[in-house]
Amino acid sequence: MRTYTGEVIQVLGAVTTEVVYEGERYNLTAHVVTGQAPNLSGRDWLQQIRLNWPKVERVQQLADDSRLYTLLNKYSDIFTAQFGTMKGTTSKIYVDPTAPPKYYKARSVPYALRPKVEDEPKRLVAEGTVEPVQLSEWATPIVSVMKSNGKCRICGDYKTTINNVSRLDNYPIPKTKYLLAMIGGGEKFSKLDMSQAYQQLLLEEDSKKYLMINTHKGLFAHNMLPYGVSSAPGTFQTVMENLLQGIPFTVVRVDDVLVSEK
């Protein structure tokens, strides 16, 4: 047996074991190998056991001596499914004071997509990302984007409103060759991808009025920095670099943190 990178795996032997799944029993052969790694189900098992895939959410190794799960348990308040925000910093939108407010009515949504489009504001309100409002001088129409999992993401079409009158944050996004030079010489590499990226950065109260979105279900105010704002990449890059400065062999490009180890 070999790994996907070609290394030989030493097989200690095979054992026939009884497997119970959703009330059905099977006698299947399991191969025992050296080393510590998650158990794998081969095609011979999958041909016998018809897995209920919609119920399979994740597979994890529960070894007590696993350094990974020891770390996850130690910092369980950080590794959580709940949406988090950066502490100690906020984002501000700088708008030309002479610019007149722009208010666009909500765009029509096809009836077939309305249930999914309506579910997204409910989810955003529940997690605190947006909140409903009654009146606003500024209003931006939304763009609905269907994701591969069948759900819908709504984004403000800010090129029609705030992007034309706000000051662009020109903080440079690092080039690839610079990032490779910073982590060069490493033997192990990791990439940490921040969930929701910009939306972990709280908006200043005075900036919320500029980023109102208008949907067929009403107006909503953003509490976090949304996607589609022209100054968002530079603002977020600044915050992340200040947060991670001084950590060796660690670089950041917007919401991707790259780490190398010798």
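The model is predicted: local features need pLDDT of at least 70, side-chain atom pairs count only at pLDDT 80 or more, and totals for chains, interfaces and linings use all residues. Residues are numbered from 1 along each chain as its sequence is written, and side-chain values use heavy atoms, without hydrogens and water.

**Exercise 1. Determine the strand order of the open sheet and state which strands stand at its edges.**

Step 1. Helices (H or I, at least four residues) and strands (E, at least two) are DSSP runs, numbered from the N terminus. Two strands pair if DSSP finds at least two bridges between them.

Step 2. The open sheet has five strands in the order S4-S10-S9-S5-S6, with mixed pairing.

Step 3. Strands S4 (130-133) and S6 (152-156) each have a single partner strand, so one side of each lacks a neighbour in the sheet; these are the edge strands.

Step 4. On average, neighbouring strands of this sheet are turned by 40° against each other, direction ignored. Axes are lines fitted to C-alpha atoms, for helices over the stretch in contact, and angles run from 0 to 180 degrees between N-to-C directions.

**Exercise 2. Describe how strand S5 is joined to S6, and identify the strands that helix H3 touches.**

Step 1. Strand S5 (residues 140-146) runs antiparallel to S6, and five bridges join them.

Step 2. Within this pair, Met146 stands opposite Cys152 in S6.

Step 3. Helix H3 (residues 114-127) packs on the sheet and touches S4, S5, S6 and strand S10 (218-222). Contact means heavy atoms within 4.5 Å. The direction of H3 makes about 75° with that of S6.

**Exercise 3. Check the length of helix H5 and state what covers its buried residues.**

Step 1. The expected span is 1.5 Å times one less than the number of residues. For the 13 residues of H5 (residues 232-244) this gives 18 Å, which agrees with the 18 Å between the end C-alpha atoms.

Step 2. Buried means under 20% relative accessible area, exposed over 50%, and partly exposed in between (1.4 Å probe, protein chains only). The buried residues of H5 include Ala232, Phe236 and Leu244.

Step 3. Their cover includes strands S3 (90-91), S11 (250-253) and S12 (256-261).

**Exercise 4. Classify Phe249 and Val254 as buried, partly exposed or exposed.**

Step 1. Phe249 lies in the loop between H5 and S11, and Val254 in the loop between S11 and S12.

Step 2. Phe249 has a relative accessible area of 34% and is partly exposed. Val254, at 12%, is buried.

Step 3. Neither is a glycine, yet phi is positive: near 55° for Phe249 and about 60° for Val254.
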